Amino acid sequence: MSLVVEGLSKRYSKNMKALNGLSFSVQEGECLGIVGESGSGKSTLARVLLGLETYKEGSISYNGKPIAPKSRSQLREYRKSVQMIFQDSTSSLNPKLPIWKSVLEPLDNFKELTPSFLPLQTNNRREVAEGLLEIVGLEKHMADRYPGELSGGQKQRVSIARAISIEPSLLICDEPTASLDVTVQVQILQLLKELQKTTNMTILFISHDIRAVTYLCEKVMVLKNGTLVDQFSLEALYHHERHPYTKALVQAATLE
Ligand SMILES: Nc1ncnc2c1ncn2[C@@H]1O[C@H](COP(=O)(O)OP(=O)(O)O)[C@@H](O)[C@H]1O
Ligand SMILES: [Mg+2]
């Protein structure tokens, strides 16, 4: 898996660039963090990368093939290997479905597939769903619950189970912990870290919180007003050559 972005810009209107000439790449098994304050363009980037939003300048290629929002068939191929987790799991889970059915939604398109990381001998859908729920730390007996009967952290676990079900090569997480209590945030980050090790998927982790990003990711990019102002590996976080904005983010996080 490789994702290469070159000179990517996105405008919503003539005089406002939501993304401004971004260039970066992610390789297989890496965890790349993107941090920036609200309005810096993080969600726009996530949507563009998923092909949910068009762009006119720059290029995105996945495994050497261009991802262009207008090429439907390529997008369909690409979406098989890319999954997304959003901040608000409430709106991404169908309130009328018990969670075990929600978990199976992506897999329903690939009837013959059983996630290879599950120790299952069966292709029984209910058991696959229970296996997925267990792997994200939800007990079997919760399978028949509805989203409305779960806490925020539990709902986010369901979203994660669903996202990893088709063993995506790339998982894009847009502020997945932003609406959770601090202790639950840590649990979800730990879960993502474990799953990344088991599945070797690549994670693009987007957050306004530099602590969450540095907990999970070995590579970090800093986005400010749509521009990448800093890119570094985790061990260089405290180096003096960090961009002043990165330093400000680190300092603000220490004060909290
Ligand atoms: N659909 C849209 N139409 C017009 N402007 C938008 C739209 N979505 C986002 N923006 C603007 O683009 C900028 C980046 O927004 P966003 O990507 O949501 O940032 P973040 O996720 O970092 O908070 C903001 O100025 C926002 O107002
Ligand atoms: Mg956002």
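Quick housekeeping. This is a predicted model, where local features need pLDDT of at least 70 and side-chain atom pairs count only at pLDDT 80 or more, while totals for chains, interfaces and linings use all residues. Residues are numbered from 1 along each chain as its sequence is written, chains are lettered from A and ligands numbered from 1 in the order in which they are written, and side-chain values use heavy atoms, with hydrogens and water left out.

Okay, the ligand. Which residues are around ligand 1? Counting a residue if one of its heavy atoms lies within 4 Å, we get Tyr12, Met16, Ala18, Arg47 and the run Glu37, Ser38, Gly39, Ser40, Gly41, Lys42, Ser43 and Thr44. By class, that shell has three nonpolar, six polar and three charged residues. For the classes, Ala, Val, Leu, Ile, Met, Phe, Trp, Tyr, Cys and Pro are nonpolar, Asp, Glu, Lys and Arg are charged, and the others, Gly among them, are polar.

Now the oxygen atoms of the ligand. One is 2.9 Å from a side-chain N or O atom of Lys42. There's also a distance of 3.1 Å between a ligand oxygen and a backbone N or O atom of Gly41, and one of 3.2 Å to a polar backbone atom of Ser40. Taken alone, ligand 1 exposes 560 Å², and the protein buries 59% of that; these areas come from the Shrake-Rupley method with a 1.4 Å probe, and for residues only the protein chains shown count as cover. The elements that give two or more residues to the shell are β2 (16-27) and α1 (42-49), and α1 gives the most, with four. Helices here are DSSP runs of H or I, at least four residues, and strands are runs of E, at least two, numbered from the N terminus.

Next, Glu53. You'll find Glu53 in the loop between α1 and β4 (57-62). Is Glu53 buried or exposed? Buried, because its relative accessibility is 17%, and buried means under 20%, exposed over 50%, partly exposed in between, with a 1.4 Å probe and protein chains only. So what does its side chain do? It makes a polar contact of 2.8 Å with the side chain of Arg47 and another, at 3.3 Å, with the side chain of Tyr12. A polar contact is a pair of N or O atoms within 3.5 Å; within protein, one must be able to donate a hydrogen and the other to accept it, and residues adjacent in sequence count only if both atoms are side-chain atoms. Remember that Tyr12 and Arg47 are both in the ligand shell.

On to the cores. A nonpolar core is a set of buried Ala, Val, Leu, Ile, Met, Phe, Trp, Tyr and Cys residues joined through side-chain atoms within 4.5 Å. The largest one has 53 residues, and Leu132, Leu133 and Phe205 are among those with the most contacts inside it. Helix α7 (residues 182-199) supplies the largest share, six residues. A second, separate core has 30 residues, including Leu22 and Leu228.

Leu132 brings us to helix α5 (residues 125-135), where the buried residues are Val128, Ala129, Glu130, Gly131, Leu132 and Leu133. They pack against α4 (99-103) and α6 (152-164). At the start of α5, a side-chain oxygen of Asn124 reaches to within 3.0 Å of the backbone nitrogen of Arg126. After the helix comes Gly137, with a positive phi near 85°.

Leu132 also touches Ser165, contact being heavy atoms within 4.5 Å. Ser165 sits in the loop between α6 and β7 (170-174) and is buried, at 0% relative accessible area.

Last, two asparagines with positive phi. Asn200, in the loop between α7 and β8 (202-207), has phi near 55° and counts as partly exposed at 39%. Asn225, in the loop between β9 (219-224) and β10 (227-233), has phi near 45° and is exposed, at 53%.

That's my tour, thanks.

Conventions:
Lists of a residue's contacts leave out its neighbours within four places in sequence.
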